[in-house]
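My notes follow in the order I looked things up.

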Amino acid sequence: MPALSPTRGPQAVPAPTPVPSGPTPVPTRVSADALDLLTDLTAAGVLDLAAVTDVQMVHRRSAGYRITLQDGRRWFAKRAQRRVDGTWSADLTTEGANHRVALGLPGVRPLLPRLVHARHDILVTECIDDHRHLDDHRAAAGGTDPVAAAALGSVVRRLHAAGRRATGARPVNHAAAAVGTWLSPTPTLVAQHPAGFTELTVRIRAAGLAAPLTRLAAGWRSITFIHGDLKSDNLFLRAADDDGHPAVRIIDWETAGLGDPRWDVGSLIGNHLFSWLAGLDFRQGQTLADWLAGAEVPWPRVQDETRTLLWAYDAGPADDHPAPLDAAGITTVGGYAAVFLLQRVTASALTAPVLPPLALAAVQVAAALLTTDAAVELLS
Ligand SMILES: Nc1ncnc2c1ncn2[C@@H]1O[C@H](COP(=O)(O)OP(=O)(O)O)[C@@H](O)[C@H]1O
Ligand SMILES: [Mg+2]
């Protein structure tokens, strides 16, 4: 019986290679796409199609496949999609190169899944099974988790400290790219997307954010190797071990490079703020203060979690500190957290005819972080 057979598509089912020993592969029905990927990986010598017992597809920006091999190994294959305009959904050449840079940094290797195979359209890594995405982990812990926050703060600090000696990393400036999208969107971008995106750019200007965003982007300092896209989707946590430390794994290194370490810290804070805002009920009351008062997870707990993260990042030897979090550092981290919130709003605005209530609240919080001393007050 074949190990795998397509559920649709024109391909004939390849004849299985006899398996010399071990258990018989579990017969699995797979899509033509998955079969195509496995055939490709077999041709590249990465695996043997006949030894695959299961493949599960995960639909994201790029297609993802959890592959189980007969010997029990589990891999995750990410495959970039070619769009109709000829561009690709992800730059896996850069992602593979960055993944290698990170694996080579002292003390950082345990934070990443092992790299099995990398080429321009496919990236195969070890599958992370016994961990949960950051926000699922926080939800399971009741909405916030200061212990996980401390672990995140210290691993990101470790990455940034080691990253100062990274060689071969390309420079990145994510703040300039994000701010440019809002303040000088190209005609193509505006033409391609419905009114929600234009509404967002108008609101950003109306809230007086053009000048602070421009100043923030001008203050970017490329001083160490950063991840560049730290958010729940790209962070896996495992419940605390006996020593009380939850293990952290970081994936998706496509946007990594030589950049501003405060960007990564701001992204983590922005992620915490955004997922908390997503749990507010905007039908109750009119102002941010009303929504905060009715929040299921009380604001002081989120603040405590956030401060714990910053404290853990800031702790440790001063001599290899990439970005001390004094008042100016905190203000910049708060600014980058605001950019994170606006980026999340942008992602939904690109497909929405109007901005939903969560987007408007996120713009308000971003404005507070960018235009007042809120960052220092809230975060330190
Ligand atoms: N090594 C892995 N192990 C388990 N799941 C993974 C792994 N890599 C990616 N994933 C899953 O696939 C999702 C998308 O992968 P990611 O590399 O972040 O791609 P994208 O560029 O589309 O964001 C992740 O959020 C995660 O759920
Ligand atoms: Mg991702």
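Entry 1: I began with strand 10 (residues 235–238) and strand 11, which pair in the antiparallel sense over four bridges. I took helices (H or I, at least four residues) and strands (E, at least two) as DSSP runs, numbered from the N terminus. I called two strands paired if DSSP finds at least two bridges between them. L235 has I250 in strand 11 as its bridge partner. The open sheet here has three strands in the order 8-10-11, with antiparallel pairing. Its edge strands are strand 8 (132–133) and strand 11 (247–250), and each pairs on one side only.

**Entry 2: what I am looking at.** This is a predicted model, so I note its limits: local features need pLDDT of at least 70, side-chain atom pairs count only at pLDDT 80 or more, and totals for chains, interfaces and linings use all residues. Residues are numbered from 1 along each chain as its sequence is written, while chains are lettered from A and ligands numbered from 1 in the order in which they are written.

Entry 3: In what order do the five strands of the open sheet run? I read 3-4-5-7-6, and the pairing is antiparallel. Strand 3 (52–59) and strand 6 (115–118) stand at the edges with a single partner strand each, so one side of each has no neighbour in the sheet. From one strand to the next the twist averages 20 degrees.

I then went along the pairs. Strand 3 and strand 4 (residues 63–69) run antiparallel and are joined by seven bridges. A hairpin links strand 3 to strand 4 through three residues. V58 stands opposite G64 in strand 4, and D54 has T68 as its bridge partner there. Strand 4 also pairs with strand 5, antiparallel, over six bridges. In that pair, Y65 is the bridge partner of A77 in strand 5. The hairpin of strand 4 and strand 5 has four residues between the strands, and G72 takes a positive phi near 95 degrees.

**Entry 4: helices on that sheet.** Helix 1 (residues 32–43) lies across strand 3, strand 4, strand 5 (74–79) and strand 7 (122–126). Helix 1 runs at about 120 degrees to strand 3. Helix 2 (residues 92–103) packs on the sheet too, touching strand 5, strand 6 and strand 7. The direction of helix 2 makes about 150 degrees with that of strand 6. For these angles, axes are lines fitted to C-alpha atoms, for helices over the stretch in contact, and angles run from 0 to 180 degrees between N-to-C directions. Contact means that C-beta atoms, placed from the backbone, lie within 7 Å.

**Entry 5: a helix pair.** Helix 7 (residues 195–206) and helix 12 (residues 327–349) pack at about 150 degrees, with axes 8 Å apart. They are therefore roughly antiparallel (angles over 145 degrees count as such). G196, F197, L200 and I204 in helix 7 meet L342, V345, T346 and A349 in helix 12. The contact residues divide into six nonpolar, two polar and no charged. Here Ala, Val, Leu, Ile, Met, Phe, Trp, Tyr, Cys and Pro count as nonpolar, Asp, Glu, Lys and Arg as charged, and the others, Gly among them, as polar.

**Entry 6: the domains.** Where is the chain divided? Domain 1 covers 4–126 and domain 2 covers 132–379, with bounds from an automatic or database domain assignment. Their centres, taken over C-alpha atoms, are separated by 31 Å. The contact takes 15 residues from domain 1 and 17 residues from domain 2.

Conventions: Angles under 35 degrees count as roughly parallel, over 145 as roughly antiparallel, 65 to 115 as roughly perpendicular and the rest as oblique. Two residues are in contact if their C-beta atoms, placed from the backbone, lie within 7 Å.
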